[in-house]
Amino acid sequence: MIRRQPSLITIASEETICFLTLSTDGCFQTLASLPLEDFLEGSAKAVDLPRSALQSVNRLLVVPDYWMGSRFDEFQARNKSVITAFIERKLKLEQPALTQAGDFYHYAVIQDQNHRQQLYTFYLQEEIAYRPYRRLETLGIGPLRITTPAQVWQANLGDRVDDFSSKGVGFIHLGEADCFLYFFFMGQFLFSRNIQIPDTGGDASQIYDLLNYEINQSFYLYSQKTKSAVDSLFMLAPDASAVNQLTELLGREVQGLPSLKTETGIPDEAMVFPSCCEFTALDLTRHGEHCLSYRPLKNELSWRPVQWAGIAVGLLLAVLLTVESGVLYLWSESVDRQMSELTSTAVDPPELALQDISQALDEITRELERPSGSGTLMRTLLAMPDEVSVRKISLDVSGTPVLNMEAIVDADHPDAFKATLSVFLNQLNQRFNLKPNALFCQAPAGGSWPRRETPGPG
């Protein structure tokens with residue numbers, strides 16, 4: 001049985017990189033947590049990763065939001081080759097120093113509120129963003145996908161917010177020491193902000209005033225980028241009263257979202273991003289449009305199903321050919337067994353059987369060469385002159401064929417008798433294809449020739 005390789009999740013921040021594995025019960029376990037700079041420089045401590053990590057499949061690399069950029073462009077074409085050529089040319093012009101930018105991007109075609117077609121692209125925009133990927137690739141655990149906390153929240157909110165993909169959405173994630181603001185346009189991540197919560201000595205009003213100011217500044221930035229306003233605002237906070245406080249300060253409704261954090265979430269020791277504290281195993285293992293992949297690797301993975309289909313067809317053909325070979329082998333054995341049984345049950349060997357056949361053919365030939373009674377009688381009668389009258393005729397073919405005949409010859413004198421008899425014998429020789437004088441006459445037993453009578457050839 002083929003054993004499935006364990007899954008690995010890698011989370012990298014500005015200072016730390018953490019390796020998580022997903023156990024069979026759906027829980028995350030921390031395998032290692034290392035300083036990012038040491039890991040990138042390849043120090044002995046950083047390379048000494050657990051064997052289980054090096055033998056896993058790295059499903060996902062999570063990097064900070066600002067390592068990844070995004071853009072919207074009005075673009076009417078839908079042909080994939082035209083779109084990719086346009087994006088790669090744009091990235092090359094805007095980021096000439098990042099020669100690998102054309103291999104790390106993802107796009108989506110959407111319709112804005114005015115039903116205009118928009119091309120949304122997100123890509124790696126910081127030089128440091130490429131280094132963890134290359135380092136992991138060197139160790140043989142290159143990640144299949146790359147994402148950010150904002151992109152994970154995009155997929156999460158898409159399941160929890162109605163009409164998320166058709167309007168502008170703002171999301172406030174308030175923690176104990178940080179507040180994260182995320183803004184989405186037509187279901188796609190636009191920008192995020194990280195606000196440090198000051199120590200106010202227990203005065204929560206100062207915190208809400210700060211959030212009110214920062215959120216209004218974000219609304220202004222949102223309208224500049226999209227030429228539209230935020231339609232809905234959602235908040236996730238440990239204190240339920242925070243939703244009401246911000247609703248009053250902002251003068252618009254803020255909708256609260258329930259926490260989905262469970263025991264299968266990210267362990268506290270691996271919490272390199274405070275914004276990831278609410279993520280579950282489902283959030284980090286789902287496949288969707290919220291991740292990008294290294295383009296050559298993505299093309300290779302796209303052919304995987306075709307390769308597996310080819311392998312399956314080959315195995316099926318091998319099984320069918322094996323079964324056919326077995327059936328033919330069993331059938332040939334059955335035929336050989338029947339032939340051997342027929343050979344073993346024969347009375348005489350093949351040489352004697354051929355000899356018997358030859359003798360039978362000789363007998364048939366001899367029988368065919370024997371004269372026929374009707375044919376002999378007919379030829380004899382045709383050979384008789386008018387002066388000869390038959391009294392008795394017989395044919396013996398038991399040994400050498402012998403024709404016995406008694407006849408009356410009408411002759412006035414002996415010379416006429418001899419002449420008539422000579423003509424009769426000559427005609428018989430001709431009819432039977434015999435040599436001259438092959439037939440002879442014999443007088444009747446016990447007497448002389450009567451006048452005008454003579455026995456037939458005998």
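**Notes on the predicted model**

1. Helix α13, residues 373-383, has Thr376, Thr380 and Ala383 as its buried residues. These three lie on the same side of α13, because the arc they cover around the axis is only 65°. The elements they pack against are β14 (388-396), β15 (402-409) and α14 (414-431). This is a predicted model, and that applies to every point in this note.

2. From α7 the contact involves Tyr208, Asp209, Leu211, Asn212, Ile215 and Asn216, and from α8 it involves Ser241, Ala242, Gln245, Leu246, Leu249 and Leu250. The class count for this contact is seven nonpolar, four polar and one charged residues.

3. Which residues does His173 touch beyond its neighbours within four places in sequence? The contacts are Trp153, Asp178, Cys179, Phe180, Tyr182, Leu236, Pro274, Ser275, Cys277 and Glu278. His173 itself belongs to strand β9, residues 168-174. With a relative accessible area of 4%, His173 is buried, because the cut-off for that class is under 20%.

4. Gln118 is a polar residue by class and sits in strand β7 (residues 117-124). Is Gln118 buried or exposed? Its relative accessibility is 9%, so Gln118 counts as buried. Outside the four places on either side in sequence, Gln118 is in contact with Phe72, Asp73, Glu74, Ala108, Val109, Ile110 and Asp112. Gln118 can also be placed relative to Arg71: the two are 47 residues apart in sequence, and their C-alpha atoms are 9.8 Å apart.

5. Ser33 is part of strand β3, residues 28-35. Ser33 has a relative accessible area of 39% and is therefore partly exposed. Not counting residues up to four places away in sequence, Ser33 touches Thr16, Ile17 and Cys18. A separation of 9.4 Å is found between the C-alpha atoms of Ser33 and Ile11, which are 22 residues apart along the chain.

6. Two backbone angles should be noted. Asp163 has phi near 55°, a positive value in a residue other than glycine. Asp163 is in the loop between α6 (149-160) and β9. The relative accessible area of Asp163 is 54%, so this residue is exposed.

7. Met186, also not a glycine, has a positive phi of about 55°. Met186 is found in the loop between β10 (178-185) and β11 (188-196). Is Met186 buried or exposed? Met186 counts as buried, because its relative accessibility is 3%.

8. For the protein as a whole, the model has 14 helices and 16 strands. Of the 458 residues, 39% are buried. Taking contacts between residues at least 6 apart in sequence, 60% of them join residues at least 24 apart. The C-alpha distance between Gln118 and Arg71, at 47 residues apart in sequence, is one local example of residues set apart along the chain.

Methods:
Residues are numbered from 1 along each chain as its sequence is written. This is a predicted model: local features need pLDDT of at least 70, side-chain atom pairs count only at pLDDT 80 or more; totals for chains, interfaces and linings use all residues. Side-chain values use heavy atoms; hydrogens and water are left out. Helices (H or I, at least four residues) and strands (E, at least two) are DSSP runs, numbered from the N terminus. Buried means under 20% relative accessible area, exposed over 50%, partly exposed in between (1.4 Å probe, protein chains only). Contact means heavy atoms within 4.5 Å. The arc is that of the directions from the helix axis to the C-beta atoms.
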